[in-house]
Amino acid sequence: MEITNVTEYEAIAKQKLPKMVYDYYASGAEDQWTLQENRNAFARILFRPRILIDVSKIDMTTTVLGFKISMPIMVAPTAMQKMAHPEGEYATARAASAAGTIMTLSSWATSSVEEVASTGPGIRFFQLYVYKNRNVVEQLVRRAERAGFKAIALTVDTPRLGRRESDIKNRFTLPPNLTLKNFEGLDLGKMDEANDSGLASYVAGQIDRTLSWKDVQWLQTITKMPILVKGVITGEDARLAVQAGAAGIIVSNHGARQLDYVPATISALEEVVKATQGRIPVFLDGGVRRGTDVFKALALGASGIFIGRPVVFSLAAEGEAGVRKVLQMLRDEFELTMALSGCRSLKEITRNHITTEWDTPRPLARL
C-alpha cells in the first residue's frame with residue numbers, strides 16, 4: 001500500500017510493534033479526551049485563502065533561536081525510540097538532518113547525547129527532565145553542550161507522570177535489551193516492572209517535584225544554551241516564562257499524556273502568543289498531522305511546530321526512510337497550503353488567513 005499521508009503510519013506501527021510498546025507511544029492520560037481534542041481542534045479552524053497572487057516561488061525557510069532551518073517543522077522529543085526500531089534515535093537524527101531541520105533528543109532516549117552527535121552534522125536540541133539529584137542534571141546538561149546540542153527544552157509539566165491506563169494494564173517497562181542511555185553508569189535505580197506502570201514508578205523516584213521558576217534561572221547559570229520552556233498552556237505562565245529569562249516557549253500538553261481535559265495546544269496557542277507580546281518565540285507541539293495544521297499554527301502566531309508520534313510510528317514502520325518521508329510529506333503539504341492560501345513566505349501567513357470558533361463575526365468588507 002502506498003502511504004499518502006502521515007496518519008497512515010500509525011496502523012502499520014500498530015501491526016508491527018508489541019502491544020505494550022504501541023500502547024505506550026499511542027495512548028494519552030485517563031479518558032484521553034485531550035488526546036482526541038489535540039486533533040479535533042485543528043478541524044474546527046477554517047481557511048480564508050487569498051487568490052490571484054503569484055505563488056510560483058515559495059520560501060519556507062525560517063530561523064529558530066538564530067539557526068536557519070528549511071521549514072518550520074521540527075522533531076519533538078519522544079522517549080525510548082529503540083523500542084520502535086533498532087536504529088532508534090540515530091535514524092531520527094539522520095532523517096531530521098537530511099530534511100534540514102531540528103531534532104530534539106529526549107532525556108529518556110535509548111541513545112546518548114554523544115551517540116546522537118556521532119551520526120553527523122545537524123541542529124539538535126536536548127529535552128531535559130530535572131532529577132532530584134542536581135549533580136546528574138548538571139552533568140547531563142554539560143554533556144549535551146559538549147556534544148554540540150544548541151538549546152535545552154525544559155519539560156515543566158511533569159512533576160509526576162500522568163495516569164496512562166494502558167501503561168498500567170500492560171505493566172509498562174523498558175524492554176530488557178534497552179537502557180536509558182543518558183543515565184547509564186549512574187546509580188539511579190532502574191525502570192523495573194512495578195504494580196502499575198514501571199515508568200510512573202521510576203518518575204516518582206527520580207523526578208524533582210520541587211521544580212519551580214527559580215530553577216529556570218538556575219539552569220541559566222550552568223549552561224550557555226538557550227532554554228525553551230516546554231509545557232506552557234496559559235497566558236499567565238507565558239508571562240512568567242518571559243520574566244524568568246526563557247529564550248522561547250513550547251506550547252505543549254505533553255501529547256495529552258499528563259493532565260486530561262486541558263485544551264488542545266492549538267486552542268491554547270493564541271493566548272500564549274498574546275501574553276508574550278512578541279518578546280520570545282512561541283512554538284507548538286501536539287496533534288500536528290498535516291501541512292494544513294502547520295499553517296494554522298503559524299497563522300495563530302507560532303514560530304514553528306514540533307511533531308512527536310508521527311516520528312515514532314514512521315520509525316516503527318520504515319526506520320529512517322519512514323521519518324524522512326513523514327518530514328517530506330508534511331513539508332509538501334505545507335507548501336501546497338501556502339500556495340493555495342496565497343502566501344509566498346512565512347511572514348505572509350497572517351491571522352486573517354484563518355477563522356476560528358472564538359472569532360467575533362467579521363464585518364462585511366466595503367467595496
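Trainee: Which residues lie nearest the centre of the largest cavity?
Mentor: P77, T78, H254, G255 and R257 lie nearest its centre. The lining has 29 residues in total. Keep in mind that this is a predicted model.

Trainee: How much space lies in that largest cavity?
Mentor: About 420 Å³.

Trainee: And how many cavities of 30 Å³ or more does the structure hold?
Mentor: It holds 3.

Trainee: Back to the largest one. Which elements give two or more residues to its lining?
Mentor: Helix α2 (19–26), strand β11 (304–307) and α13 do.

Trainee: What does UniProt list under "binding site"?
Mentor: The unreviewed entry lists Y24, Y129, R164, H254 and R257. The lining of the largest cavity includes Y24, Y129, R164, H254 and R257.

Trainee: Where does UniProt place the "active site" feature?
Mentor: At H254, again from an unreviewed entry.

Trainee: Let's stay on H254. Where is its place in the chain?
Mentor: In the loop between β9 (248–251) and α11.

Trainee: Is H254 buried or exposed?
Mentor: Buried. The cut-off is under 20% relative accessible area, and H254 has 11%, so it qualifies.

Trainee: What does H254 touch?
Mentor: Leaving out residues up to four places away in sequence, H254 touches Y129, T155, D157, T158 and R164.

Trainee: Tell me about Y129, then. Where is Y129 found?
Mentor: Y129 sits in the loop between β6 (124–128) and α6 (134–146). Y129 is buried, because its relative accessible area is 7%. Beyond its neighbours within four places in sequence, Y129 is in contact with S107, W108, T155, T158, I207 and H254.

Trainee: And where is R164 found?
Mentor: Also in a loop, between β7 (151–155) and α7 (165–170).

Trainee: Does R164 count as buried or exposed?
Mentor: Buried, at 3% relative accessibility. Not counting residues up to four places away in sequence, R164 touches Y24, G28, L199, H254, R257 and Q258. Y24, H254 and R257 are also on the UniProt "binding site" list.

Trainee: New topic. In the largest nonpolar core, which residues touch the most other members?
Mentor: W108, L128, I266, L269 and F334 do, in a core of 108 residues. Helix α13 (residues 309–341) gives the most to this core, with 13 residues.

Trainee: E37 is charged. What is E37 in contact with?
Mentor: R44 and A264, leaving aside neighbours within four places in sequence. E37 counts as buried because its relative accessibility is 11%.

Trainee: What about the backbone? Where does L65 lie, the one with positive phi?
Mentor: L65 lies in the loop between β2 (62–64) and β3 (67–69). Its phi is near 50 degrees. Most residues other than glycine have a negative phi.

Trainee: What is the phi of Q277 near?
Mentor: Near 50 degrees, another positive value in a residue other than glycine. Q277 is in the loop between α11 and β10.

Trainee: How do L65 and Q277 count for accessibility?
Mentor: L65 counts as partly exposed, at 24%. Q277 counts as exposed, at 60%.

Technical notes. Residues numbered from 1 in each chain as written. Predicted model: local features only at pLDDT ≥ 70, side-chain atom pairs only at ≥ 80, totals over all residues. Heavy atoms only, no water. Core = buried A, V, L, I, M, F, W, Y, C linked by side-chain atoms within 4.5 Å. Buried < 20%, exposed > 50% of the residue type's maximum accessible area, 1.4 Å probe, protein only. Helix = DSSP H or I, 4+ residues; strand = E, 2+ residues; numbered from the N terminus. 1 Å grid on protein atoms, 1.4 Å probe; cavity = no way out; pocket = protein on both sides within 12 Å on 5 of 7 lines; lining within 4 Å. Points joined across faces, edges and corners; volume = space filled by probe spheres on them. UniProt positions renumbered as here; feature names shortened; annotations may be inferred. Contact = heavy atoms within 4.5 Å.
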